[in-house]
Structure formats: structure tokens, C-alpha cells
Amino acid sequence: MLRTAASNAMRLGASRATRALSTKNADLLPPLKVAVTGAAGQIGYALVMRIASGEMLGKDQLIDLNLIETEAGMSPLRGVMMELEDGAFPLLSSVTATSDLNKGFGDINYAMLVGASPRGPGMERSDLMAANAKIFAEQGKALNTSAAVNAKVLVVGNPANTNALVASENAPDMWEEQFIAMTRLDQSRAQALLAEKAGADVKDVDRVIIWGNHSASQYPDLSHARIGGKWAKSIVKDDKWIKDEFIPRVQKRGAEVISARGASSAASAASAALDTVRDLHLGSGDAWQSNAVVSDGGYGIHKGLWYSVPTICKGDSHFRRVQRLPIDDFSAKMMTATEKELIEERDAVRHLLPGHESKPVSWNVLESLQTSFEEGDMKAVDEIAKELPAQFKKGVKTAKAAA
Amino acid sequence: MTVSPITVCVTGAAGQISYSLLSMLAAGSVFGPEQPVTLHLLEIPPALPALAGVVMELLDGAFPLLHSVTQTADPSVAFADADIAVLVGAFPRRAGMERKDLLEKNLPIFERQAHALNEHASKHVKVVVVGNPANTNAMVLAAFAPDIPRANISALTRLDHNRTMAQVAARLDVPVQSVAGVCIWGNHSSTQYPDITRATVDNVPVFDKLGGFEIVARDFIPTIQKRGAAVIKARGFSSALSAARAIANHLRSWVCGDEHIVSMAVPSDGSYGIKEGVFFSFPVRCMGDGVVEIVKGIEIDEFSKRYIDATAEELYAEREEALALLE
């Protein structure tokens, strides 16, 4: 779908320097548009005030805030709007509340997709995947139609990586790099745990990496971590602690917080979302920030998966991946395990991706289909065939008829 | 150049308002990006597990300016060397409770905290009382913490002040930062007087544009007074976010100074005929480093005088009730 030059010009987000020149009020930059979905939920509530106070995009940056909710969420959202008004924020140029995605995403520079379908009682993981894939497919389409040309989209709602993939697949005119799934929370948690173990300040810890999926299969990696500029593993010489305590604790920290608070970790998730967009927008120097971005094949990860890797954020919403880090055997195993989970997640929602009919099916799926068929396990054959494109379904039907 | 951390104690630390406030404190938006913060979090024993979860989340935020966090149910630990104390925790109003009952429940809490602050906090500690009834709780605190200069104790009316600014801005469709000249007089209760008689937008008086005395009395003032209830009705929960924002504003203005006139409930010095011995919200100038001056010499018209007298009467009555309960 081609956009006209005129509409491109309207929605092209200018760089900070150019925008500064065009403002009438010399003190404040003309508004950037930020959309937040699920804005009436716990994370949204914790997030919007801090955005409005200028923590995310800078103290001189006016913001047009678009709050998006489902129909059911519009009433509490009005309460949030009242509170934002009562905050008397000088940087809030406007606040809009809507359940219309195209209206909400109109000309936005940053979208923070916090809202997602929660796991209901009796729901299988695959049901959760499918429910969310529908939501994020719609959001991808709306972003494709309405967002500014260089918009950046942060996906927070879980399963974040696969939701980002689905949204991106439904936004063919946007670069895959415009969609980022959040793993910054895991990185911050890992930094905090390492700092605690080493008795160091958390601000002196850096180069902690989160690889892979924002789930329990994530790999929090200390191989390159530093404390005060020194290699962390030369200070914390405790491999057992890393494998038996550090890694599982970071992976399961979400559950630990729920257990203590009786509610999920809204404030820290909001903090991480804010940190991610702030570092993208304002840059964070040479620091490595873990972000789940589309895999370009680096580290041997399947292309087209949203896989968390270390990135360097250069500001003005640009980033580059930190490539070709040496990976030891243990790390390779961990990185492959989380990649495998991401492949499974993608395959679970494959039938909801546009153009999946013409996409190749991965060899391991075909192999298991073949094996099940040869073993006469028709139940397994039907299970696998359910997820396949139409021509494969036809082939299976034919083969079964012939058998 | 390392700045030494300031110690901020927050009570009621596992509650909704604190949940919104603590991230702002840890992120450096209150005292500035160069000022590290040490947090001492106080809760009642039943809330300690929830507080542990809040502390986990603070650590998970990896805030560079958060120097350390202490969680405790012991006021002497919480207030130890505190430079700032934010007293959010209070006994909440239950259905059917009269003001006397609320006072009865809260006086012992603030008396205890006053002793602990007097004993353990820094000599220069600044205390902002948020928990209601805020003004009278502040008065009780001041009575039982004789070593803390009264000027270092205040109660929060900044939320009402912010709400007033926002309503003026909304009704005139102007940016909120162009509004000035508003203030809150009196008690942080339903008798508070949001005064917009001298309101300006870009230094142009707008009281007449807002409707003059009639409309203001009938519509504007009740809107501000009932805003809290309106938020509860819409959200289903009370206004934690805007309250936390107001606390942050109050602290920043108080400690770092403010070029604008703001509202704080401070010990009355007899200005505007308000008797000494109560904490009364006035328009104030914050000169920085905790120095606060009540704006003197404002001409109070008949209209405003009615409201100011009413809220003063309520505060005197609360004071009498408090003194009686303390006998």
C-alpha cells in the first residue's frame, strides 16, 4: 500500500533539532504524540503520570497523550483523565481517551501497547496466544494505517515477543525494527540482583543481557556483565549462584512479586517501559539495553522472531544491535531453549498471520507430521494439521484418504 | 562530584498513594537528577508482606538515584536521620464515622509518630502530613514534637491547588502553566476555599470570565470540593496518582523553592485574622531550603471572607475536639 507524498510529509516525525527550530515557544518543543493502550489498567496508571511529568521524553518536550482502552475500560479511563488533569502537568499539551484504534494511533510517534488479554480460568496457553494474537493483529493494522511514518511501538502486554511479531506482520508498511517487545524489566531485575549479591550500587552494574523470550525461558546472562567497569564474574566468582539462584530468580521474579504484593508488578513494569522509550528517544550512550527486536539472524537465531538481544540506543528512536559477542556453551544452550519456545509460540498463532497460506512450514513440523502419519497416530496428525496452511491440510486429507 | 543522599521516610508505604509516589522519589523527579535518595518505608505489621513486594519492585526499577531502601514497622528505625517525612498513613474514614471518631483514631498515631520524629529524625527534618484529617494531625504532631520548628511541619493542600489550576485552565481552554493567582484557604476538607477571585491567565484577570461570584459559588467551588468523590465514582478507586503528584509538587516547592505562589497548610501566624494554634492553608511563597512565607496583604472581599471564616471555624472546632480527646 503506497502512501501519497502529502500524507507522508504530514506524518513524518522530524528529528529533535528540526523540531526545536519550528516551535513558537522557545522553551518547549512542539508536541510528540504518545499512545498508551490498556491505559486504565494497573501498569497504564503507573505509567501515564510519569510520562506526563516529562520523565520519558525530556523536561522540554510537550506531549499529546492518547489513552486507548476497550469499551469496558472507558469509564475508569475517564477517572484517569480527571487525575491527569488534576496533576496540572505543564508538558501535557492534550489528553484524548478513545476505544477507536485508528483515532488513538493517529500520527503517533510512540505507541506503548500495555493492554493485553489476561489468562482466564481454564484457559490453555494456546488459547491465551490466540486471544492476544487477534488483539495485536488489529493493533498492527491500525498502526500501519494511522501512525507516523517513523513511529516506534513498544509491546508490553504478554506474550510480548509474539504479540510484537503478530503486530508487525499485520503492519506491512512499517519496518520490523519499529516494533520492540519489552525485556527491560528483566534486565533491571537482573541488574538489581547482581548488585545485591556484589554489595554494589545498581548504577555501577552494566552489560547484563537478557536473551530471548520475556517469559520463564528467558536467559539472563552475566557473561559480559560489569560492576564498576570490571568484569562481574571476576568479582562474583560463584558459578553455582549464577546457575542455581540468579537465573531462576530473575526468570520467576514476576511470580515472587505477585506472591508478596498480592498484585502483579505494575510500578516496576511501568518503570521499565518508561526507561525503554526514554533511552530510545534520548539515547543512553554506550550502555547495552536489552530489547526484544526482530532477529536479523545474528547469534544464529531464526530470522523473523522477536528475540531479546543487547542493543545500543543512539537517541531519536534509533538503535543498533550489539553483534558477534562470544557465546559460551552454557549460554548457547540457554539461548537455543528460549528460541525454541519462541518458535512454538509463533507456530501457535501462525494461522492468524496474514499471508500464512503462502509461508513455508518449518521442517521440524513437517517431520513430526510425517512421523506421526507413519506411526498411524492420526490424532497427532490432526493436531499438527490444524495449524497448517490450506494446501497442507488438503495434502493431509488426501494422504489419509489414500491410506 | 557525589552528593550525599537525603533520607526520605514515607509512612503508609504499602498503600495506593505511596505506590505512585515512591517511583517518582526513586527516579529523581522530586529533588532533581543529581540528588540520590534513601527511602525509609514504614507500615503497620499486617501490611509488611505487601511492603516487601513494593520494595522488590523498587529494586527491580534499577533506579540509579535510589541509594538504599529500608522497610520496617518500627517508627524509630523509619524516622532515623530522616531529612524528609511524608506521613501518608492514617486511620481511614469508615462508613458511619463522625469527625470525632476519625480524630479519636488518628490522634494516638500522630502522637506516637511525633515522639519518634522528635527523638530520631534529623534536626532539620521537614514533615508533610497527608493522612486525614491532615491539618489537625499536623497540629497534634507539632504539639508532641517540641524540638521540631513548627515551620518545618506542613499539611498537604497542593492537590486542591492543582485541581483549581486545572479547572480554571479547562474552563478557559488555556495551558495550565499560564494560570496564576489561585490559592486554597483553610482546612483540607469539604470546607476548603478554592479562591479564584484573583485568578489570572497570562497575567490577565479572569474571575469575571469564569462567571463572577454567583457561578463560582454555585458551580466552581463545589466542583473542586467534590472532585475527590468524582474520581472515585469514575475510577472505582480514590485518586492515588494525583495525590502522589501533589505530594511531589509540595516537596519540590518546599525544598527547592518555587517561582510561583502555591498553597500549603502551615502554622497560622495571625495573618488574615486566623487564630494561632491551627494549621491553615494559605497562599505561600517558597524561597527554597524550607523557607516559606505566607503571602501578606491580600485584600479579602466579603465573598471570600465568608468561606475563609467557615473553614477557620471548622478548624477551631477540630482543635477543641482534639484537645478534649487528649485530656
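**Getting to know a predicted two-chain model**

Chain A of this predicted model has a mean pLDDT of 90, with 92% of its residues at 70 or more.

Biologist: Which residues of chain A have pLDDT under 50?

Modeller: Let's start with the part to treat with care. Where pLDDT is low, the predicted coordinates should not be read in detail. The model does have 37 contacts beyond four places in sequence for this stretch. The stretch where pLDDT stays under 50 is residues 1–24.

Biologist: And what is the average pLDDT of chain B?

Modeller: In chain B, 100% of the residues score at least 70. The chain B average is a pLDDT of 94.

Biologist: How much area do chain A and chain B bury between them?

Modeller: The contact draws on 42 residues from chain A and 38 residues from chain B. On the chain A side, A:Met49, A:Glu83 and A:Asp86 lose the most area to chain B, together 19% of what that side buries. Carbon and sulfur atoms carry 59% of the buried area, and the total for both chains is about 3,500 Å².

Biologist: Which residue of chain B forms a salt bridge with A:Glu83?

Modeller: Seven salt bridges are counted between chain A and chain B. In the one with A:Glu83, the closest N and O atoms are 3.6 Å apart, which is inside the 4 Å cut-off. The partner is B:Arg235.

Biologist: Which helix gives the largest share of the side of chain A that touches chain B?

Modeller: Between the two chains, 22 residue pairs are in polar contact, both at pLDDT 80 or more. The elements giving two or more residues to the chain A side include helix 3 (42–52), helix 4 (74–86) and helix 8 (184–198). By class, that side has 18 nonpolar, 10 polar and 14 charged residues. The largest share, nine residues, comes from helix 4 of chain A.

Biologist: Let's look inside chain A. Is A:Met112 buried or exposed?

Modeller: A:Met112 sits in strand 4 (residues 110–113) of chain A. Beyond four places in sequence, A:Met112 touches residues including A:Val34, A:Leu47, A:Ile51, A:Leu154 and A:Val277. Its relative accessibility is 0%, so A:Met112 counts as buried.

Biologist: How many Å apart in space are A:Met112 and A:Trp175?

Modeller: Along the sequence, A:Met112 and A:Trp175 are 63 residues apart. In space, going C-alpha to C-alpha, the distance is 17 Å.

Note on methods. Residues numbered from 1 in each chain as written. Chains lettered and ligands numbered in written order. Predicted model: local features only at pLDDT ≥ 70, side-chain atom pairs only at ≥ 80, totals over all residues. Heavy atoms only, no water. Contact = heavy atoms within 4.5 Å. Buried area = accessible area lost by both parts, 1.4 Å probe. Salt bridge = Lys/Arg side-chain N within 4 Å of Asp/Glu carboxyl O. Polar contact = N/O pair within 3.5 Å; in protein donor to acceptor, adjacent residues only side chain to side chain. Helix = DSSP H or I, 4+ residues; strand = E, 2+ residues; numbered from the N terminus. Nonpolar A, V, L, I, M, F, W, Y, C, P; charged D, E, K, R; others polar. pLDDT = per-residue confidence, 0-100. Buried < 20%, exposed > 50% of the residue type's maximum accessible area, 1.4 Å probe, protein only.
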